[in-house]
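Visitor: I would like to learn how to read a few local features of a model. Could you take me through them one at a time?

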Amino acid sequence: MSMPPLLEAMRPRQWSKNVFVLAGIVFAGRLFDRPAQLRVLACFALFCAAASAVYLVNDVADRSSDAHHPFKRYRAIASDRLSPPAAIAAATALAAGALIAAARLNRATLAIAAGYLASTFAYSLWLRRILLLDVMIVAVGFVLRAAAGASCIDAEISPWLLVCSFLLALFLALGKRRAELVLLGEGASNHRRALGGYSLPLLESWLTALAGATIVSYAIYTQSPRTVEHFGTTNLLYTLPFVIYAMFRYQQHVLRLDAGGDPGSLLLKDPALWLALLAWAATAAIVIYR
């Protein structure tokens, strides 16, 4: 059964990206704090609304180019199943609702949500055309999610955890760019100008560098004085092997995409990766909530 065009254009399948807002409550050791749970769930919901507003604006801006894309031409706006005025009206309502919800949590969350909307709308309308800035803005969006999840419960989040979030998000974004290059071939720059500045060897070298940087930053986070003092143990280091496995497993998926495709969708079908992520979560929970 197909979704209504508006709901489809809001991309509910992408809302899973907003799990980054959970980092604050998990690593603050307040996962079982009922009031904190409700505030973080509200933060998660408002970022789902904000992200959907951005997706709608993005699809309106990309309507012409998406119509010639082998997959994106089936999107609701590109295929004329949802009109641009209706999409913009829905995006306005979603963005306003997200800001109102953020204001009800606290001023810090409102500032972060406003920054997220401003940066991502700028990305949709202009910054995605600029090499490197296109992926860096995407990565910053994930850092803002993590920061909002901490600010909404008045918790502090380790700078090293934010660095790790940024590097991981950049790694994922560049993996997607590689998949787009493979899929679109010589016509990549016609679909998105920034793609013309990338090449497969360049992206693959960056992915390797970012994989290492992400692993090292996470290792430093687990052993930083602030983390050890907060949890009273150095045992969070035992979660590192699962992070290493997951990073390399993802990179393996990306490099296998010789025929194009979305590496993110392939990950959903990889039981080995999910097992590693569950093992990481279970180990982290034992260390943090022992």
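**Reading local features**

Guide: Phe-166 lies in helix α8 (residues 159-184), where helices are DSSP runs of H or I with at least four residues, numbered from the N terminus. This is a predicted model, in which local features need pLDDT of at least 70, side-chain atom pairs count only at pLDDT 80 or more, and totals for chains, interfaces and linings use all residues. Residues are numbered from 1 along each chain as its sequence is written, and side-chain values use heavy atoms, with hydrogens and water left out.

Visitor: Is Phe-166 buried or partly exposed?

Guide: Buried means under 20% relative accessible area, exposed over 50%, and partly exposed in between, with a 1.4 Å probe and protein chains only. Phe-166 counts as partly exposed because its relative accessibility is 21%.

Visitor: Which residues does Phe-166 touch, not counting those up to four places away in sequence?

Guide: A contact means heavy atoms within 4.5 Å, and on that basis Phe-166 touches Met-136, Ala-139, Val-140 and Val-143. The C-alpha atoms of Phe-166 and Phe-142, which are 24 residues apart along the chain, are separated by 6.8 Å.

Visitor: How many disulfides does the structure hold?

Guide: A disulfide is a pair of cysteine sulfur atoms within 2.5 Å, and the structure holds zero. Cys-152 is in none, the nearest cysteine sulfur, that of Cys-43, being 4.3 Å away. The sulfur of Cys-164 is 19 Å from the closest cysteine sulfur, in Cys-43, and is therefore too far for a bond. Cys-152 is buried, with a relative accessible area of 0%, and Cys-164 is also buried, at 10%.

Note on methods
Helix = DSSP H or I, 4+ residues; strand = E, 2+ residues; numbered from the N terminus.
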